[in-house]
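Visitor: I am new to protein structures. Could you walk me through this one, step by step?

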Amino acid sequence: MDEPRTPATALEPDPALVLLTVEEAARRLRIGRTTCFRLVLAGEIESVTVGRLRRIPADAVPAYVAKLRHRPAEAA
């Protein structure tokens, strides 16, 4: 018998996806959708256009996190 899907499981993007929506990338990063759009527009997270759609390559998410980890800490 199949296990029922919980709402939290249904929201998680398929790890096999090559291109993510901005919303899916935001969920993986645990940030807001608007913040993710700002990062895309600023060029902080790589994105591509497919027709009229904006998509984020799945490998761009860990690349962004790696970039954050190697940045010097900003002064408070």
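What follows is a short tour in questions and answers.

Guide: This is a predicted model, where local features need pLDDT of at least 70, side-chain atom pairs count only at pLDDT 80 or more, and totals for chains, interfaces and linings use all residues. Residues are numbered from 1 along each chain as its sequence is written, and side-chain values use heavy atoms, with hydrogens and water left out.

Visitor: In what order do the elements of the protein chain run from the N terminus on?
Guide: Helices (H or I, at least four residues) and strands (E, at least two) are DSSP runs, numbered from the N terminus. The protein chain has four helices and three strands. From the N terminus on, their order is α-β-α-α-β-β-α.

Visitor: Is isoleucine 56 buried or exposed?
Guide: Buried means under 20% relative accessible area, exposed over 50%, and partly exposed in between (1.4 Å probe, protein chains only). Isoleucine 56 has a relative accessible area of 0%. So isoleucine 56 is buried.

Visitor: How far apart are the C-alpha atoms of isoleucine 56 and threonine 21?
Guide: Contact means heavy atoms within 4.5 Å. Leaving aside neighbours within four places in sequence, isoleucine 56 is in contact with several residues, including Leu20, Val22, Ala25 and Val61. Threonine 21 is 35 residues away along the chain, yet the two C-alpha atoms are separated by 6.2 Å.

Visitor: What is the relative accessible area of alanine 58?
Guide: Alanine 58 lies in the loop between E3 and H4. Leaving aside neighbours within four places in sequence, its contacts are Leu17, Val18, Leu20 and Arg28. Alanine 58 is buried, because its relative accessible area is 17%.

Visitor: Which elements do the buried residues of H2 pack against?
Guide: The buried residues of H2 are Val22, Glu24, Ala25, Ala26 and Leu29. They pack against E1, helix H3 (33–41), E3 and H4.

Visitor: Why is H2 called oblique to H4?
Guide: Axes are lines fitted to C-alpha atoms, for helices over the stretch in contact, and angles run from 0 to 180 degrees between N-to-C directions. H2 (residues 22–29) and H4 (residues 60–69) pack at an angle of about 45 degrees, with axes 10 Å apart. Angles under 35 degrees count as roughly parallel, over 145 as roughly antiparallel, 65 to 115 as roughly perpendicular and the rest as oblique. The angle therefore makes H2 oblique to H4.

Visitor: How many residues of the contact of H2 with H4 are charged?
Guide: Ala25, Arg28 and Leu29 of H2 meet Val61, Tyr64 and Val65 of H4. Ala, Val, Leu, Ile, Met, Phe, Trp, Tyr, Cys and Pro count as nonpolar, Asp, Glu, Lys and Arg as charged, and the others, Gly among them, as polar. The contact divides into five nonpolar, no polar and, as for charged, one.

Visitor: What percentage of the residues of the protein chain count as buried?
Guide: The protein chain has 76 residues. The share that counts as buried is 24%.
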